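Notebook open, structure loaded. I'll jot down what I look up as I go.

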Amino acid sequence: MHYQAINLNDKLSKFNDLWSPKVIGEMNDYQFKLIKITGDFEWHVHQDTDKVFFTLEGEMIIDFRDGQVKISKGEMFFLPKGVEMKPSAEKECHIMLVEPRSVVNTGGTESELTAANNTWI
């Protein structure tokens with residue numbers, strides 16, 4: 001067996017594209033993904049799964065129809081399934097997502113979604 005820690009900064013240095021999650025590992029049916037964001041994403045909802053956001057660098061905001069949450073560096077947030085949201089960041093922000101393998105990024109075309117969902121770094 002090969003034992004090696006995953007260096008998150010090294011993984012983040014391997015890509016520059018925004019709003020395109022990159023898989024860095026799996027545990028059971030869950031994937032750990034790194035993503036860089038800036039600006040606004042679209043309103044969307046994950047009907048069938050909860051999500052976890054860990055802010056590694058910067059600060060992100062998740063807007064809800066009835067409020068918002070700010071997630072700063074070193075903080076995490078659990079988003080329950082079925083809640084409509086719109087994530088954003090004023091400056092580039094680095095996040096680790098934890099979500100089931102079946103979750104697909106909601107932006108772009110269907111072929112881009114499939115590629116983004118399965119991109120390993």
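I started with the side chain of Gln 31, and found that a polar contact of 3.0 Å joins it to the side chain of Glu 26. This is a predicted model, so I kept in mind that side-chain atom pairs count here only at pLDDT 80 or more.

Where does Gln 31 sit? I placed Gln 31 in strand β2, which covers residues 30-40. Buried or exposed? Gln 31 comes out with a relative accessible area of 2%, so I wrote it down as buried, the cut-off being under 20%.

Next I went to β4, residues 59-64. I looked up its pairing with β5, residues 67-72: the two strands run antiparallel and are joined by six bridges. Between β4 and β5 I found a hairpin of two residues.

What else does β4 pair with? I found strand β7, residues 86-100, again antiparallel to β4, with three bridges between them. Here I picked out Ile 61, whose bridge partner in β7 is Ser 88.

Last, I checked confidence. The protein chain averages a pLDDT of 90, and 88% of the residues score at least 70. Which stretch stays under 50? I got residues 107-116, for which the model has ten contacts beyond four places in sequence. Where pLDDT is low, the predicted coordinates should not be read in detail.

Note on methods. Residues are numbered from 1 along each chain as its sequence is written. Side-chain values use heavy atoms; hydrogens and water are left out. pLDDT is the predictor's confidence in each residue, from 0 to 100. Contact means heavy atoms within 4.5 Å. Two strands pair if DSSP finds at least two bridges between them. Helices (H or I, at least four residues) and strands (E, at least two) are DSSP runs, numbered from the N terminus. Buried means under 20% relative accessible area, exposed over 50%, partly exposed in between (1.4 Å probe, protein chains only). A polar contact is a pair of N or O atoms within 3.5 Å; within protein, one must be able to donate a hydrogen and the other to accept it, and residues adjacent in sequence count only if both atoms are side-chain atoms.
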